[in-house]
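Have the model open in a viewer with residue selection ready.

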Amino acid sequence: MRNVILDCDPGHDDALAILLAAGHLNVLGITTVAGNQTIDNVTSNALKILTVAGLTHIPVARGMAGPLVPTSRQKPDVHGPDFHGETGLDGPDLPEPTISPDRRHAVDFIIETIRSHDEVTLVPTGPLTNIALALRREPSIVGGIREISLMGGGLTHGNVSAAAEFNILMDPEAAHIVFTCGAPVKMCGINLTRQVMATPVEADRMRAIGNRTGQVVAELLDFFLGTCEKLFGLPGGPLHDPCAVVPLIDTTLIEFEPMRVDIELYGEHTYGMTLCDHRHLLLGDGEIKRIGKRMGDPPYTEVGLRIDRERFFDLLTNTLAAYP
Ligand code: BDR
Ligand code: CA
């Protein structure tokens, strides 16, 4: 079983990423970062989800309350609370947590955990502030990182702006540090995660599992689907964050393509964009073809292109069924 640290900002889909990971991987800890909600709320939400699912042995370390370089373009009030509600996990009536946060700061937790294990995979599903700071503070940890499998960015477009996706836009400088750190990076961007939209059919499927965790997830989805419809007119709720966990469990569900990815740090309209050099791909009508040789210099990021929707929801349902 792979050793992983989940770095997240729960968040409805972050909660699902936690449950998926803990069902299959050796989760050494969860570190929290402000994003979908304040650092207080997302930390409390991580503790609540672990309490619901009987995963209280997993430590939770509270991390950064904001980006490396705050700018007016991050507009957290526009995205986070609108999508995830005032608590960050609106919908179900969640129990008060029976555990408290670890005494260490998330950045220290990440450094110490990587140092004390042979290999650790990092799974960031929020802004990349904690990971970037850990890499800057202790650059030698890069040798202990097996891989970074993250949710963020997009092959061609964003969600908060036409160019930028939320997790990257919330801390583009941190994203630049992470994408260029030298560890292998897998990017599950919104071009991929919008292929796994949950609809009321999937919410009912989770409810039908008949356990406490399935019921909570169904109620999370009920809320999240509503906001995605209201704000974006989407026909469902994209389950972004569990996608970053999927390739660590089953390598056949997502098809990745290596390419040069740069984080745009200066553009007036493109700040926070993941500029993916896909000149060798032809993106047509639901089909992606390789038509030329890869351009752009290394390092290359593995960019997720396609995910098997049906098998994704099977994996999620079977995983949730094993919880109380
Ligand atoms: C990302 O932003 C957050 O709202 C979600 O939790 C996900 O990590 C999608 O853009
Ligand atoms: Ca998230």
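Select the calcium ion (ligand 2): its protein donors are Asp 9 (OD), Asp 14 (OD), Asp 14 (OD), Thr 125 (O) and Asp 241 (OD), at 2.2 to 2.5 Å. Donors here are N, O and S atoms within 2.8 Å of the metal, or 3.2 Å for Na, K and Ca; water is not among the atoms, so sites may look incomplete. Along the sequence the donor residues follow the spacing D-x4-D-x110-T-x115-D. Two of them, Asp 14 in helix α1 (residues 12-24) and Thr 125 in the loop between β4 and α5, are 111 residues apart. Helices (H or I, at least four residues) and strands (E, at least two) are DSSP runs, numbered from the N terminus.

This is a predicted model, in which local features need pLDDT of at least 70 and side-chain atom pairs count only at pLDDT 80 or more, while totals for chains, interfaces and linings use all residues. Residues are numbered from 1 along each chain as its sequence is written, chains are lettered from A and ligands numbered from 1 in the order in which they are written, and side-chain values use heavy atoms, with hydrogens and water left out.

Next, select Thr 125, between β4 (120-124) and α5 (129-137). Its side chain makes a polar contact with the side chain of Asp 14 at 2.8 Å (N or O atoms within 3.5 Å; within protein, one must be able to donate a hydrogen and the other to accept it, and residues adjacent in sequence count only if both atoms are side-chain atoms). Thr 125 is buried at 3% relative accessible area, and Asp 14 is buried at 1% (buried is under 20%, exposed over 50%, partly exposed in between; 1.4 Å probe, protein chains only).

Now show the aromatic rings; there are three aromatic pairs. Rings of Phe, Tyr and Trp (its six-membered ring) pair if their centres lie within 6.5 Å; planes under 30 degrees apart count as stacked, over 60 as edge-to-face and the rest as tilted. Phe 83 and Phe 232 are tilted, because their planes meet at 45°, with centres 5.4 Å apart. Phe 83 belongs to helix α3 (residues 76-84) and Phe 232 to helix α10 (residues 212-232), 149 residues apart. Phe 83 is buried at 6%, whereas Phe 232 is partly exposed at 35%. Phe 312 and Phe 313 pair edge-to-face, at 5.0 Å and 85°.

Finally, select Arg 294, which lies over the face of Tyr 300, 4.2 Å from the ring centre.

Notes. A charge sits over a ring if NZ of Lys or CZ of Arg is within 6 Å of the ring centre and within 35 degrees of the ring normal.
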